[in-house]
Amino acid sequence: MSSASFQKLLNNLSKNKNVQSLLENFQTLSDEIKKREGDLKGKFDKSKEQKIEQAWQKYQEIVKVLSASEEKLEKEVTTTIAKIKKSADALEKNIQVAKKKAIVQKTKLEKALFKKTMTAKKGAAKTAKKAAAKRPVKAAKKAVRKATKKATRK
């Protein structure tokens, strides 16, 4: 029963001009909303694509700058390494020259020192012989002096 009365009420409402105009307005609004939704989606998609394109271009620029910087840094590193190698080679040569000079100086000093020690030994041996030879003479002279002093005191 209730469905029959409900059906009757719907028929009366659908025949009413105010309800029909209201339904038409709802339909028009629905169509307009769908149309605007499509426009907005298109605008959002376009702006989204533009932003993505701008981001991609910035990324490409950054990659270019980084690769240029990397190449520049690589060149600087290779030149610095070459300079270091050159200075290391020059330093090794200087060390070798200094080492040779030091060895020559050492041999000269050793020879001079050897000569001095040899002459000192020879001189010490000669002076020792002379001293040994003079000692008895000096001892005899001292004995004579002592004896003369004693004799003069008495």
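W56 counts as partly exposed, with 48% relative accessibility (buried is under 20% relative accessible area, exposed over 50%, partly exposed in between, with a 1.4 Å probe and protein chains only). Keep in mind that this is a predicted model, where local features need pLDDT of at least 70, side-chain atom pairs count only at pLDDT 80 or more, and totals for chains, interfaces and linings use all residues. Residues are numbered from 1 along each chain as its sequence is written, and side-chain values use heavy atoms, leaving out hydrogens and water.

**Aromatic pair**
- W56 pairs up with Y59 in a tilted arrangement, 5.4 Å centre to centre and 35° between the planes (ring centres within 6.5 Å, using the six-membered ring for Trp; under 30 degrees is stacked, over 60 edge-to-face, the rest tilted).
- Both residues sit in helix 2, three residues apart, or about one turn of the helix (helices are DSSP runs of H or I, at least four residues, numbered from the N terminus).
- Y59 is partly exposed too, at 46% relative accessibility.

**Salt bridge**
- K41 and E37 meet through their side chains in a salt bridge, 3.8 Å from N to O (a Lys or Arg side-chain nitrogen within 4 Å of an Asp or Glu carboxyl oxygen).
- Helix 2 holds both K41 and E37, four residues apart, about one turn.
- E37 comes out as partly exposed, at 41% relative accessibility.

**Nonpolar patch**
- L22, L23, F26, L29 and I33 make a nonpolar surface patch of about 530 Å² (residues over 30% relative accessible area with no salt bridge, nonpolar side chains joined within 5 Å; areas by Shrake-Rupley with a 1.4 Å probe).
- I33 lies in helix 2, which spans residues 17–153, and is exposed at 57% relative accessible area.

Terms used
Patch = residues over 30% accessible without salt bridge, like charges linked within 9 Å, V, L, I, M, F, W, Y side chains within 5 Å. Helix = DSSP H or I, 4+ residues; strand = E, 2+ residues; numbered from the N terminus.
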